[in-house]
Amino acid sequence: MDCLLYVDPSHRGEWALDLAALILPGLAGRVLLLVTAEDAAKDPALLSRARARLSGIATLEEKTAPGPAEKAIGAEVLALRYDLVVVPPAGRNALQRMLKGSRVATIVRSVPASVLVARRPPPRLERILAALSGGPTTGSVVKMALELERASGARASFLHVASEVALPYEPEQAAVAAPSPEDAAARARAALLRVGRELVVREGLVVDEILAEVEHNAHDLLVAGAETAADPGGWAREDVAERLLLACPTSMLIVRGG
Amino acid sequence: MKLGELARRAGLVVLALFVFVLALELLKKGAGGIVPLLRGLDVSGVSGGVGFGWLMACVVLSGSPVAAIALTLLAARTLTTPEAFAMIGGSRLGASFVVLVIGLLDDLRERRTEKRSAYIGVAALVATAIVYVPAMALGLLGLKRGVFSGLQIEGRELASFIATIYGPVTGLLVSLLPRFVVFVAGIFCLLGAFKVFDKVLPDLQSKPSPVSLAGRVIYRPWVMFLIGAAVTSLTMSVSVSLSLLVPLAAKGYVRRENVCPYILGANITTFIDTLFAGALVGHPDAVRIVAVLMSCVTILSIPIVTLAPHAFERLVDRIARRATASTASLVAFVVILFLIPTLLIAW
C-alpha cells in the first residue's frame, strides 16, 4: 500500500504522525511525507522531525509542494496513485468552515484514494469500529478494517445501522416480492460471514447511531465507506460519510471502493 | 395519457369542484346550526379554535376539510378572524392522525410489540407541531399588525355567481332540513369532494421517481423538502403524500432521515386547497389568514431545512421512538394528543 502523509506544522500535525506511527509500519510499503513550500520555508526542520517519528517505515520519501494543503495533496495524488492519504483536520471553526470549507472534507471529495483523518490518537489503538452500509463499499471497508486490525493489534467490530422505518399502508398496497431494509443488513452480514465475524445492528438515524456507538464503546478509529458512483441517488443524495467525518470525535478512515 | 383517460379525469375534476363548492355553500348556510355546539363546548377564542380544529381533524381523519369548515364559519361570522386562523392551524396539528391510525392498524395486524408503522404518524404529528405552534403565534401577531392586508378579497362578483348556481339547491335544503343537518351534509360533501380529487391524481406510484428510492437512499434535506412540497401540491394532503412514499418498487420503507424534511415541505403546499376555499367563501379575510399561516410556516421551515435539518430530525426521531417503543407509550401519546386540544377548548 502506498501512502501519502501530509505534514502539518500545527499541533494537529502531531496527531497524524502519532497515528501513522501506530498503523503505517504494518500497513504501508511506501510512505511519502508531503509538506507545503510555505510551511517548509517557515520551519526547515519540519520534514526531518517527521521522518524521525516514522523510523519504523521501510520506504520513506519526502516532497515539498506549493500550498495550500488541499491543492498540494490533490495534485500529488492525481499525479501518482496512492492508496491512502493521512491528514489531520485544519482546526477551522464553524464560521471558517462556512467560508473556506473543511480541509478534510475537500480532500475526501477530491482525491481518488482512501483518506485517514487523524484526531488525537491514543497511545495504542485498541478498538476499531467499521460502519457497514451494505452498499458497494462494504467489502472494501471490511477488508480495510481487518488490515488495520492486523497492523495495529486493535480489535475491529462491525456495525450496521438500519434507519428504515415501515410506512403505514393499506394491505393491498404491499408489493409481493421487493427489496427490504433487511437486505442491506443481510449484505453486510454476508460480507462478514466470509471472514467469520459478527455484525451488530442498531436502529435509528445513521450518523447519530454510529457516533453513539463510537462514544459508548470508546472506539479509537472509525472506518466507513465513501460515496461511489454506483450508489443510487446521484447529486440528490446526502453524503453521510462526510457528515460522519465532520462530527466524529475520533480519527476516521474513509475507504474508497474498488 | 389517452384521450379517454384525460376526459375521465377532466370530468372528475369538474365533479369534484362542483361538489367542493356545494360543500362550502352548505357549510356556510348550516354554520348557524353549529353555534349551539360551539357554545356548548365553550369553543371561543384562539385556544378554543386551535383545540376544536385539532380535535375535529383527528375525528374526521383529515385536516383540509376542517380548514375549509373554519373558513365557512368565518364567512358565516360564526368565528372571528383570529378564531378561524387558530382553527386552521389546529386542523394541521391533528391532520396526520390518520397516518398514525393506519400505522397502528398495520402494527396490530402484524402483531408487533414495537409500533414500527406508527412511527411515521407520530413523526408527522410531532414535526408539524414543532413548526406550527410558533408559526401560529407569529401568524396571529402578523394578523394583528395587518400583514397581507392587500389580500383581503371581497369577491362579491364570485359570490353572486356561486349564489346563482347553487342558490336553488342550498335554498331548498335549508328550507327542508335543520341547519345542523345542512352543516353535517356539507361535511360529507366536502369529504366526498376530496375523495374524488384523490381519484384525479396522476398515478405517481407506478412511475420511477426520486420518491421510489426514499427507502434506500438518504437524500439531502432540501431535496426531500422540495419533493414533499411538490408531491403535496398535487395531492393537497400530507397523509396522501406520505402514502405515496410506498412505491411499488419497494416494500413500503423509508429512510427515517427522509421523513422530516418531506413532512416540512408537505406542510406548506397542503394549504393550496384551503387557499382555493378561501377565495370561494366570500369573506375578505379568508384568503389572507391562509396566506399568513402558509407564509409563517414557510418562514420557519426553510431555516430548519437549510441550517438545522439534522438537529430537527434528531428531536423528532427521539420523541417518535419513545412514543412507539411499546403499546403503553403509544397509548400515552394518543391520550396526550386528545388531551391537549380538550384542555385548550376548556381553557
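Because the model is predicted, local features need pLDDT of at least 70 and side-chain atom pairs count only at pLDDT 80 or more, whereas totals for chains, interfaces and linings use all residues, and side-chain values use heavy atoms, with hydrogens and water left out.

For the complex, the predictor gives an ipTM of 0.86 and a pTM of 0.87. Where pLDDT is low, the predicted coordinates should not be read in detail.

Next, turn to the salt bridges, each being a side-chain nitrogen of Lys or Arg within 4 Å of a carboxyl oxygen of Asp or Glu; over all chains the count comes to 26.

Select Arg53(A) and Glu14(A), which form a salt bridge whose closest N and O atoms are 2.4 Å apart. Arg53(A) lies in helix α3 (residues 46-53) and Glu14(A) in helix α1 (residues 11-27), both of chain A, so the pair ties together parts that are 39 residues apart in sequence. Helices here are DSSP runs of H or I with at least four residues, strands are runs of E with at least two, and both are numbered from the N terminus. With relative accessible area, buried means under 20%, exposed over 50% and partly exposed in between (1.4 Å probe, protein chains only); Arg53(A) is partly exposed at 32%, and Glu14(A) is partly exposed at 36%.

Move on to Arg30(A) and Glu61(A), a salt bridge with its closest N and O atoms 2.8 Å apart. This pair links distant parts of the chain, from strand β2 (residues 30-36) to strand β3 (residues 59-65) of chain A, 31 residues apart. Arg30(A) is buried at 17%, whereas Glu61(A) is partly exposed at 31%.

Now show both chains and select Arg314(B) with Asp208(A), where the closest N and O atoms of the salt bridge are 2.7 Å apart. The pair crosses between chains, from helix α15 (residues 309-323) of chain B to helix α9 (residues 206-216) of chain A. Arg314(B) is partly exposed at 30%, and Asp208(A) is buried at 18%.

Finally, select Arg202(A), Glu209(A), Glu213(A), Arg256(B), Asp317(B) and Arg321(B), which are linked in a network of salt bridges.

Methods
Residues numbered from 1 in each chain as written. Chains lettered and ligands numbered in written order.
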